[in-house]
Amino acid sequence: MKFIVNSAYLLKQLSNINGVITTNPVVPILENFLFELEKGALTVTASDLQTSMITELQVESKEKGSIAVPARILLDTLKNLPEQPVTFSIDESTYSIEIISDNGRYKLSGENATDFPKVPSVSNDFTAEISTEVLARAINNTIFATSNDELRPAMTGVYVNLGDKNSTFVATDGHRLVRYRRADVKSENGNSIIIPRKALNLLKATLPTENTEVSLNFNMSNAYFKFGNIKMICRLIDERFPDYDNVIPTQNNIQMSIERTDLLGALKRISIYANKTTHQVRLKITGSELQISAEDLDFSNEANERLSCEHDGEDIEIGFNAKFLIEMLTNMDSDKIKLTMSAPNKAGVILPAEKDNSEDILMLVMPVMLNQYV
């Protein structure tokens, strides 16, 4: 089996799917790329059993065959080669691979392609089309709020509900919740799935910068994404997602509107002085003034700042985890935000002050109990 390919072109395609490969996989063969050659088309697969990514590229060859190629050594070789055509010469009986370039020859040992796990096929039970721009925004606006707690697997992914009127993306870790809704993404035969965080991170890293359509097909166990010459198949999280609608308060009668960048800057400065375990900051809203303060009693550190804001409702003093607020505000791109609350022990809701017709975002954060100090 023999083929010729441009080294930079091959490196770019392999880099797109290399993120799937883990350093210590369950099955050693998963440290390899699966190369499958047929009629001048080279299909390369990378997998970790849960997620598989496949890319297809055109090469010079009339042969067919398959082999598993060690990923790390191949990538390191290509990264250090100047751009040029390289020839791969593979002996399928001994699994030996020879890479011939203008500079020299490199020999490495591959493995039997038949040992590589089969990629699951996805029947088109449910289908949807979504643009790369919308998908990237949906991932960016939710993925940071997913949980790391493996004992609550449903929360380690993003819940996606494809409906006939809109689509909703939700992430929560029990302390905060993000609900991102798009009116311009619909599916007649819609359903809801939970997509793992790793798969979404890989998608986010691979999505092209130019806006193209992503085809999404899924059944009860796997989701299949296709865009350009890349396909990704991931196993879905088969768990019940928490009933998030009941957590979102509807009667928050205290409202504060403020410039997002002003609040974000103040929180970043004040959080330096907060306790490193709780990250607690205190928000005291009186009239049209917001006072943000934090202290770390262990080190006698404290800081406070005053900002002007628009305020409607009673005065309130409430504590939040600064880390959560900073992440939420960083991932919002509205110039002005609205923070709504009802009591110091009830969830606060952050909303963009300006509404977008096709986009609706809501971020909820649970308060932390304030340490009483004067």
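In which strand is Val 178 found? Val 178 lies in strand S12, a strand being a DSSP run of E with at least two residues, numbered from the N terminus. The views below show a predicted model, in which local features need pLDDT of at least 70, side-chain atom pairs count only at pLDDT 80 or more, and totals for chains, interfaces and linings use all residues. Residues are numbered from 1 along each chain as its sequence is written, and side-chain values use heavy atoms, with hydrogens and water left out.

**View 1. Val 178 in strand S12.** Val 178 has a relative accessible area of 0% and is therefore buried (under 20% relative accessible area; exposed is over 50% and partly exposed in between, with a 1.4 Å probe and protein chains only). Its contacts (heavy atoms within 4.5 Å), leaving aside neighbours within four places in sequence, include Phe 144, Ala 145, Ile 361 and Met 363. Asn 141 is also in contact with Val 178; the two residues are 37 residues apart along the chain, and their C-alpha atoms are separated by 7.5 Å.

**View 2. Arg 179, also a residue of strand S12 (residues 176-182).** Arg 179 counts as buried because its relative accessibility is 11%. Its side chain is joined to that of Asp 360 by a polar contact of 3.4 Å (a pair of N or O atoms within 3.5 Å; within protein, one must be able to donate a hydrogen and the other to accept it, and residues adjacent in sequence count only if both atoms are side-chain atoms). Not counting residues up to four places away in sequence, Arg 179 touches several other residues, among them Thr 168, Tyr 244, Asp 245 and Ile 248.

**View 3. The buried residues of helix H4 (residues 197-206).** A helix is a DSSP run of H or I with at least four residues. In H4, Ala 199, Leu 200, Leu 202, Leu 203 and Thr 206 are buried. These residues lie on the same side of H4 because they cover an arc of only 160° around the axis, taken from the directions from the helix axis to the C-beta atoms. An α-helix has 3.6 residues a turn, so residues three or four places apart point the same way.

**View 4. An open sheet of 4 strands in the order S1-S6-S7-S8.** The pairing is antiparallel (two strands pair if DSSP finds at least two bridges between them). Strands S1 (2-6) and S8 (105-109) stand at the edges, each with a single partner strand, so one side of each is left without a neighbour in the sheet.
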